[in-house]
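Thanks for coming. I will go through charges and aromatic rings, in that order.

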Amino acid sequence: MLKLRNLSYETVVGLLAAASVILLVAPTLVILVMSFTGDFLLRFPPRSWSVRWYIELFENSPQIAASAWISLQVALISTLASTTLGTLAALAVAGRRSAWAVALDSLFMSPMVFPAMSLGLALLLLLSLLGMRPALWSLAVGHTVIVTPFVIRMVSAAVQQLNPVLLDCSASLGASRIFTFFNVTLPLIRPGLLGGAVIAFLSSIDHVPVSLMLSDPRVETLPVNLWILLDSNLDVRVASVSGIIVAITLVVILVLDRRMLGHVPR
Amino acid sequence: MRAGGAVSGYLSAAPLALLFTVAYLVPVVILVIISLSASTSGFNFTLVHYVAALTNGFNLGILFDTLVLGLQVSFATMLAAYPIGLLFMRCGPRGRAIIVFLILLPMLTNTVVRTFAWMIILGREGVINISLMSIGWIEEPLRMLYTRTGLIVALVQIFLPLMALPINASLARINDNLVKAAEGLGASRFYVFRTVILPLSLPGAIAGFLLTFAGSSTAFVSQTLVGGGRQIFMPLLIYQQAIGVQKWNAAAALSIVFAISILVIVFAMNRYSRKYLRGMDA
């Protein structure tokens, strides 16, 4: 009786897990297949196959290319800023229980739950109060605030695993704080730092609300541009852009050093 | 060393604190001031925008509906994540690496792209409709895109990684001997799940739940594209008020009300769960 019930447990869990995994993976596969459609409509499965939408993308889509370039710049700047400032901040607050540390940590983590559309509006109001128009730098600043929590989380986890004895050793052997930082601390927290940077970069590339609020025809990011294309008419070029993004993502994950994903339990 | 001077220890957090002051705290304070002002030209104190946000049935309905959507998606995502976690728990290192890859792939894929995939899957001539019609289960295409159910399914997929990773982490931390002991004493697998595995993995599930709630109730792209024009949620309402009709003060008040609702719910759930988990330890 018990054996039978355990067997049914295995079956139920197995089937549900299979369903969840299919749910997880299906959209990516659909995108890859769809990007090779030869049709003018988004029909699945496509009636004809071709790479015409990729060609269309490379030859006749200056706007998409321009927005991709904007996104890349914003992502690079905000990744660099959030990783540098976030790492320094995490070193100060990680693992501390004092009221100050907790308050700072909550402040730095709060953009994760503060609605991004509200933050976007707040930034827009600040800009208009200062009499400025949205520009690349204001997007980059907004994105830095949005992606910093990921860096803080990853680096804090790495800092908390740091053995403080190593820092004491370095200090007692006469190393300066700066020498210790670059030669002891930094190498040890590198996996967390790199993981945080990768997630920050991808989150910036992914982000819409703040970019939309601060967008201007001159500074329109790629996802905002895609959102507009999808919201107005289902443009098939989105499929080929998506195909490229999925391919890049796949390469990124496969190239990622295993140690970099050290936060993942295995 | 780090326990050194009270102030000097925090020095390295100063640059980020400065950035957050200028680009986060100050803008939010401005947002609050604008929401309390009658118009954008000069400051004339008024609560009229809050009264409108909280008494207008239309606005209030949207706020409520957005929060309900967040809760629905979070529960559904939790249900979808546990089977993956249970599978993860029993896998060896190789199987676990594969599962992590399958979770990371969609997580690292652009949200607009994934939303677009759901438009293709749920559409009139989409994957589901074409397959069901070809095997003869349905005659007419089902309406799935631009419906609530379609939106929930898409959001579950989009937030599944954020739920699955912390649940996997806390399931992997469970001492295998506890499970073996329960089974050795004759408990069925279902019973072991309910009394041992579920309670011990709750911290991960709660962390995932909070992230999913905050994420799905503010998921502007999926809400507008998969939800369609007839379902309006708070992020779109704020956007329309601010950019569409240029009612900055009203948009600011709605932003504040929305942000406070989300923060209060997340804070309350966090507080309650900590209390609950502490009670369990004792």
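This is a predicted model. I start with B:K275, which is exposed, with a relative accessible area of 63%. B:K275 is part of helix 12 of chain B, residues 248–281. On the surface, B:K275 gathers with B:R271, B:R274 and B:R278 in a patch of positive charge.

Next, salt bridges. Over all chains, a search of the whole structure finds seven. One of them pairs A:E10 with B:R90, with the closest N and O atoms 3.0 Å apart. A:E10 sits in helix 1 of chain A and B:R90 in helix 3 of chain B, so this pair joins two chains. A:E10 is partly exposed at 33% relative accessible area, and B:R90 is exposed at 52%.

Within chain B, the side chains of B:K180 and B:D176 form a salt bridge at 3.3 Å, N to O. Both residues lie in helix 8 (residues 176–184), four residues apart, about one turn of the helix. B:K180 is exposed, with 51%; B:D176 is partly exposed, with 44%. Salt bridges with shared partners also link A:E10, B:R90, B:E183 and B:R189 into one network.

In chain A, A:R218 bridges to A:D216 at 3.2 Å between the closest N and O atoms. Is A:D216 buried or exposed? It is buried, at 9% relative accessible area.

Last, the rings. The count is 12 aromatic pairs over all chains. For A:F181 and A:F182, the centres are 5.1 Å apart and the planes stand at 80°, so the pair is edge-to-face. A:F182 is partly exposed, at 49%. Finally, A:F108, A:F114, B:F20 and B:Y24 make up one aromatic cluster.

Key:
Residues numbered from 1 in each chain as written. Chains lettered and ligands numbered in written order. Predicted model: local features only at pLDDT ≥ 70, side-chain atom pairs only at ≥ 80, totals over all residues. Heavy atoms only, no water. Patch = residues over 30% accessible without salt bridge, like charges linked within 9 Å, V, L, I, M, F, W, Y side chains within 5 Å. Areas by Shrake-Rupley, 256 points an atom, 1.4 Å probe, with all protein chains shown as cover. Salt bridge = Lys/Arg side-chain N within 4 Å of Asp/Glu carboxyl O. Lys, Arg positive; Asp, Glu negative; His and termini not counted. Charge placed at Lys NZ, Arg CZ, Asp CG, Glu CD. Buried < 20%, exposed > 50% of the residue type's maximum accessible area, 1.4 Å probe, protein only. Phe/Tyr/Trp six-rings, centres within 6.5 Å; stacked < 30°, edge-to-face > 60°.
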